[in-house]
Each structure stands twice: as C-alpha cells, then as structure tokens.
Amino acid sequence: MAGITNVAFRRLCREQGAGLYVCEMVTTRALVERNPKTLRMVAFDPAERPRSLQIYGVDPDTVRAAVRMIVDENLADHVDMNFGCPVPKVTRKGGGAALPWRRRLFARIVAAAVEAARPAGVPVTVKMRLGIDTDHLTYVEAGRIAQDAGAVAVALHARTAAQRYSGTADWDAISALKQALDVPVLGNGDIWEASDALRMVAETGCDGVVIGRGCLGRPWLFADLAAAFAGRPDRLLPPLREVARVMRRHAELLVEWYGDERDGCTDFRKHVAWYLKGFRAGSELRRALAMVSSLSELDDLLGKLDGDEPYPIETLGQPRGRTNSPGRVALPEGWLADRDADAVPAGAELDDSGG
Ligand SMILES: Cc1cc2nc3c(=O)[nH]c(=O)nc-3n(C[C@H](O)[C@H](O)[C@H](O)COP(=O)(O)O)c2cc1C
C-alpha cells in the first residue's frame, strides 16, 4: 500500500507472522530514470526475503527496461504488477484500472515484464480489479491474458474502478476467476479479520489472500492469519498497553528507516487514528499523538493512555482506512470504443497511487 508499506511497516508486520509483504508501488518510469525517491522506496531490510516489489507501468518498453534493471541489479525476488489504481487523474489518461480494457496493450505490458524477469527466474504476478464498472468487466479475460503472458499468479481486488474503495468486494468474482484460471488466484477485498480470510478461501476456492486496509493500525492481523491458516484458534485482542507497545515499535522503526527522528515521527502520525480506533483515548491525547515529533514525546503521550483498557471488540470486522464513495470513472475520449487499440497512453504515469 502506497504511503504505508515501507521498510519499517513491513518489518513490523514480519515480526508478527508469516506472509509475503509487498513494497510500496513504484512507477517503471521513475525506476528506469533512477529517481532517488523511487530508488529509496525499493529498498529492503537485509533480513527481508522474499523481496517483493510492485511496479506500475503503461509502456511495454519502459516496463521491460525496469524489470531488466530489477533483475540485473538484483533489486527484488518477486515482481508484482499493479493494474488496480482508480485515481481519476490516472484513469483519465488510460492508466491504472482503465488499462486492462485495452487488452492487447495489457498483454504486451505483462509479457514485457515476464520476458525480462524470466532469465533470472524472478516470478511476475498481476494485481487487478474487476474492471472499469459493472458494464465493463475485464477480470476473467485479463486474468487469462496475464496467465498466457506468463504471470505465475493473479490477485483480484474484487471491486470495479468505479467502486473505488466503497461498498463490498464481490467475492463471487474471485470464485469465477479461480474457475477460469490454472495459475493460483489470490483474493482481495474486505478481509478485516483472520476469519474473513478463512471464509474467502472456503467460499471462493482462492489459493491465497491479499490484505489491504485490514492491517492499518493492526499489524498483529498477520499473527492471527498465520494462526488461522495453521488451524489454530488463537486470536490477538491486545489491550491498549500492548497496542501502545506496537505503536512505539512502529515509530522507532520509522525513525530508523528515515534516519531522522522528526521525519520518522511525522510519518508515524498518519497511523495514530488507526491504532486507536475504538479505544476511549481522549480527543486531546489523540490530537497530541497525531502531531508527535520525537520518540520521547511519543513515550510521554503513550504513558498517559490507560494500558488496562481492553481491545474494543466492537471494531472487529469493521472497515478501516479509506472508504470513499463510488464515482464515474474518468477515461480518455473513445477509450471504451476500441478494446484492441494498443497505443501507449501518454501521461498516465502515476505520482499518486492505490489499487
Ligand atoms: C492507502 C492505500 C494505498 C494503496 N496502495 C496500493 C498500491 O500501491 N498497490 C496496490 O496494489 N494496491 C494498493 N491499495 C489497494 C489495496 O492493496 C487493496 O487492494 C484494497 O484496499 C482492497 O483490499 P481491502 O478491501 O482489504 O482493503 C491501496 C489501498 C489503500 C487504502
């Protein structure tokens, strides 16, 4: 998740349990241009294996060059391709979740990545949405195209681009995709608890699950998932004292990652409301925590929380993070009329992101 899954957050999650943790998405153009910020975003902790890197690109040549660079410079062990971004300024140019509609271009982009990754044995996976909207669904065809192009697994965020992050994900579509493909299908959308993950696998037959917003302010969800998939019933319901400990750890990892206390604490601020969701912690304390700029200040503030407060179980199963409303998908003129045009969309590179 862009803006979230940096080295620090991935390490915090890895400390909780099993899983494959994907880095923040980077654009292939920024990568080949060696944009310093982008190069920093594709950094991994020395202990992090596999190193999983997500790319976004709209031009097969740039994608090929980027994956060649990843392979030649040994930057990652796995490449995931993001075709799920619903941001209007991206889809308006034909990028993100609009792209699979142009099936020939989509095929060329995936094939370019696979061809560049193959000599090094680096697996390529594809993540996508259901389609542009309910009248323009692409996922089954796009899944087959990705499979034929050599993607080793396909992840489906079971919402359309028009839904953005609203409403509920259509898990039936995950079943349909599973039935249509031979490669593993990973289901994504509305996994808030480990029990949701088990239910998704049971109901759809998917081969694995992708966690999005469910881990915001709850990295221990991965411990629950590891337990659930190992058949164990234990689930973590940390009291506020334990949540505060995880918050401190998160902030300290961010400070270490940024190499600057203030920058690390500033990044940490956006996580505060997610960690405290449902707890009684007063509004003044929350506000102060969301403006924290040093670890000692954080310690003082965390010390004011009531450590004995039990986990707010009423928040279990509830959406977290972004839940924006649906909207019409902005597309380039004539985009829907010609599915087989394969001109590269100009200006569809991202500087915002999401999936
Ligand atoms: C803040 C934010 C950033 C995201 N960034 C990315 C991204 O960079 N790449 C991606 O594939 N998906 C991204 N997503 C989408 C999630 O990975 C996931 O597909 C989506 O939230 C649906 O799953 P959920 O309902 O479990 O949250 C992002 C979502 C959010 C909320």
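## Strand β4 and its surroundings

Strand β3 (residues 78–83) pairs with β4 in the parallel sense over five bridges, where helices (H or I, at least four residues) and strands (E, at least two) are DSSP runs numbered from the N terminus, and two strands pair if DSSP finds at least two bridges between them. This is a predicted model, in which local features need pLDDT of at least 70 and side-chain atom pairs count only at pLDDT 80 or more, while totals for chains, interfaces and linings use all residues. Residues are numbered from 1 along each chain as its sequence is written, and side-chain values use heavy atoms, with hydrogens and water left out.

Five bridges also join β4 to strand β5 (residues 153–157), and these two strands run parallel. From β4 the chain crosses through helix α7 (residues 139–149) to β5 in a right-handed β-α-β crossover, meaning that, with the strands pointing away from the viewer, the path from the first strand over the helix to the second runs clockwise.

| Residue in β4 | Opposite residue | Strand of the opposite residue |
| Val126 | Val154 | β5 (residues 153–157) |

Six of the six residues of β4 (residues 124–129) are buried, so the strand is largely enclosed by the rest of the structure; buried means under 20% relative accessible area, exposed over 50%, and partly exposed in between (1.4 Å probe, protein chains only). Val124, Val126 and Met128 lie on one side, and Thr125, Lys127 and Arg129 on the other.
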